[in-house]
Amino acid sequence: MHEEACLRLMHCKCPGRKLQGTHRLLPHQTQHKFSRTMSDDSQDPFRNVHQKPGLQIWTINNMQMVPVPAKGFGNFFEGDCYIVLYISQNRGSGQSADIHYWIGKASSQDEQGAAAIFVTQLDEHLGGSPVQHREVQDCESPRFRSYFKNGLIYKKGGVASGFQHVDPNTYNVLRLLRVKGRKHVTASEVEVSWNSFNNGDIFLLDMGKAIVQWNGPKSNRREKLKAVLLAQDIRDRERGGRAQIGVVEGGNEHDSPELMKVMMAVLGQRNGPLREAIADDQTDSVQSSMVRLYHVFESSGNLVVQEVATQPLTQDLLHSSDCYILDQRGSSVMVWKGKQASNEERREALNRAVGYIKAKNYPSSTSVEVMTEGGESAMFKHSFKSWKEKGQTWGLGTTYSVGKIAKVEQVKFDVMQLHARPELAAKQRMVDDATGDVKVWRIEDLELAEVNPSTYGQFYGGDCYLVLYSYQRSYQQQYILYMWQGRHATKDEITACAYQAVTVDSKYNGAPVQVRVVMGKEPRHFLAIFKGKLIIFEGGTGRPSVVNPDKGARLFQVRGNDELTTKATEVSARASSLNTNDVFLLKAGHTCYLWYGKGCSGDEREMGRAMSEVLSKQNKRVVMEGQEPAEFWVALGGKAPYASDKRLQREEPAYSPRLFECSNQSGRFRMTEVEDFSQSDLDEEDVMLLDTWEEIFLWVGISANQYETKEALNSAQDYLRTHPADRDPDTPIIFIKQGYEPLTFTGWFNAWDPHKWSGGNSYEEMKNKLSDAASISQITVDLNNANLNKSPAGMSGGGYRAPGGPMSSPPVYGFQGSDLSPRSSTPSSPSSFRGGDTSSPSARGSGTYLKPELLINKSPSELPQGVDPSQREDFLSDVDFQNLLGTSRSDFHRLPKWRQTDLKKKAGLF
């Protein structure tokens, strides 16, 4: 063993810093507040935690966990702390969980302490198997950022003064977002002023019904594309798809005169040149070859951290009865908890990691991961020279042994036990046995059209669908509303799908659970409700009045062992699409071939036979792999190599593959890991490194930087040389270019599409669609009918309101025809945002209400200055609004105009 070095940390003498761990590092006052709050709350704080795959987020409010609605995911207030739980489905079967606690840079010590305590308790609630992560604003881990594909939005203030459900009809927004990042995007609220702009970044001027994207002259195409996707996400999630987006190129502002007129009206005239580009903060992880393993234990009240070994590390250094810290030279700190370690040691793991960071004087933003034996992260395993799995995880906390040769079998369950055993339902991701009622609509001409029940389960890539699933639980009706988006559906159809989902949701009083389903990513319950008859057609439409063109031979890949897990997906009718582990259906002429790969099971063959009856009434012909007739290959355009490596499906690799975006800067190799990767993560401008342990792949995008392309081989060698597990420097390095990927590369990606890049929209194409003449005209019309407020920086959109503090009325910008000049507003008047606003003043952040007697039965001349006589209801508090009009504000705005007028007349508000 290496020379021992002991580092002793006195718990009682730990210096007070903002980022705290669990109880023992909390100030006494914080512990007292938390204990008092927990004793006052008789309900289990984790009563609403479920174990279905996906994302769950809570914010810390008054020392309690408050759920964040799904429409608010990705929005983080700088003054708050959040807990993020992500449960994922592993390849083959089984689940894994990650718990993150996110610390806003302006959050209080009490909130940070409460979040750390809740994380530890939530870990215990889930059986101790999740990996725990500490996230600091602006320094989030790649895994955390991977949950928010379109980026993170940092909002000023906190939600302590009012946290509201996101209303997709809310347009009372005026904010400026500074967007940064090429791979992982963040957007921060900044002052609504030209002073916030610079030449290198991208800015989104969000005005509710209109979003203007201004691209700095020195920003690149990838950054512009990411910003467009973020703007679209804001439009679709926070505005129900009903906002216009325009793009201004900062270097060619004269090409967008109408949009610049809007920006000048809001921001005023620009004086002088803009600031130069600001360098991005370097938050990417630096691979460190200096890895040290420490044994962590307690002695006489002291935390003792004792060095065990330096790299290369071996798995036998870890003992189940102990806890260890793995230090990657300060770039990350990982804590490993043995299964037989004491409860106290396991509970204190996160606390000890924070104490270790303080004692080593590492930055407060240092990445922290805490994991249990058997649930190690890929990064942790990659730090060891050798790693062997002792068992395969099949659910939170349960393990099953897996042979190295036999194909992994799926665990079958009795669906009748789902209600009696909720833990089984959670593990299998099934809310029920899928025997509820199903109703399907297709988006046709932007409206809902009912689908013929005889074609339920048939989804076309050129369409969008709404699927309403109804079932009973404890004698109460429950609903799930799936929004299925075809890969080739138009932007208008996708927008209409989101809009119509809001309509259906309102019809059922907001009861449905809404699930966005992207083509090819269907969750298991979605598969189950169609009873083994789910067919995904690559293109075309299911509209009965449209005849899809004859595509000749069609090939479908069938996956699943029973009717709850089976679907057929259309793939390119080429031999290269085959896979030895699956069943395929080939429709060619008057014959339907059932092709059975050598690696498929009897259950899979049976489901393939059943699917063939749904897909074709033609003659069926069974073909075994290796015994194909000549006409089979003719229909596929001739023989060709296909995925025949059983390792891709038969055995879970001890080392999971890892994908990195890599570059050399200042002579030092840097990399950014891409978690839960897919083909869409391969950027055309990047050099990507795929590490499958036995091989290193270097993938070079078609638009990659010439210098990085030339240096790619050196980068791969640097990666192997600096790898903490002392990798073999002779490991094969495979250099491949975009469009020429071999099967040994594409086999590591799920549902690889060889035509992805030829059919995808470039940034220029997306920009042209957004910035056509009609869209720009609509933005101007919308703003001509609106009053825009320059609200305090704390004001946020989409139904979120930051803490107010002293509130003064800002200048109100009115638009009269082409006159976009500012007009004055009386300081005492409430600021409001007209033109389709359906929110209350409290949601707008003005915080100003008037007493009803000042508004009821008053002539326009008698009203307080600044009150619009036609919209005096906007100046009522929510309680007064309900009492006077007999309905909530949101329900009121869903009524027809004549009905609104009638209610206002009866209340004396007209």
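Two strands count as paired if DSSP finds at least two bridges between them, and strands (E, at least two residues) and helices (H or I, at least four) are DSSP runs, numbered from the N terminus. What I am showing is a predicted model, in which local features need pLDDT of at least 70 and side-chain atom pairs count only at pLDDT 80 or more, while totals for chains, interfaces and linings use all residues. Residues are numbered from 1 along each chain as its sequence is written, and side-chain values use heavy atoms, with hydrogens and water left out.

Let me start with the sheet. Strand β8, residues 152–155, pairs with strand β10, residues 186–190, in the parallel sense over 3 bridges, and Ile153 stands opposite Ala187 in β10. These belong to an open, mixed sheet of 7 strands in the order β4-β8-β10-β9-β11-β12-β13. At its edges stand β4 (75–77) and β13 (244–249), each with a single partner strand, so one side of each is left without a neighbour in the sheet. From one strand to the next, the twist averages 25°, where axes are lines fitted to C-alpha atoms, for helices over the stretch in contact, and angles run from 0 to 180 degrees between N-to-C directions.

Helix α5, residues 257–267, packs on this sheet and touches β11 (202–206), β12 (210–215) and β13, its direction making about 95° with that of β13; contact here means heavy atoms within 4.5 Å. Helix α19, residues 763–770, also packs on the sheet, touching β12 and β13, at about 125° to the direction of β13.

Finally, the cysteines: a search of the whole structure finds 0 disulfides, a disulfide being a pair of cysteine sulfur atoms within 2.5 Å. For Cys464, the nearest cysteine sulfur is that of Cys497, 4.9 Å away.
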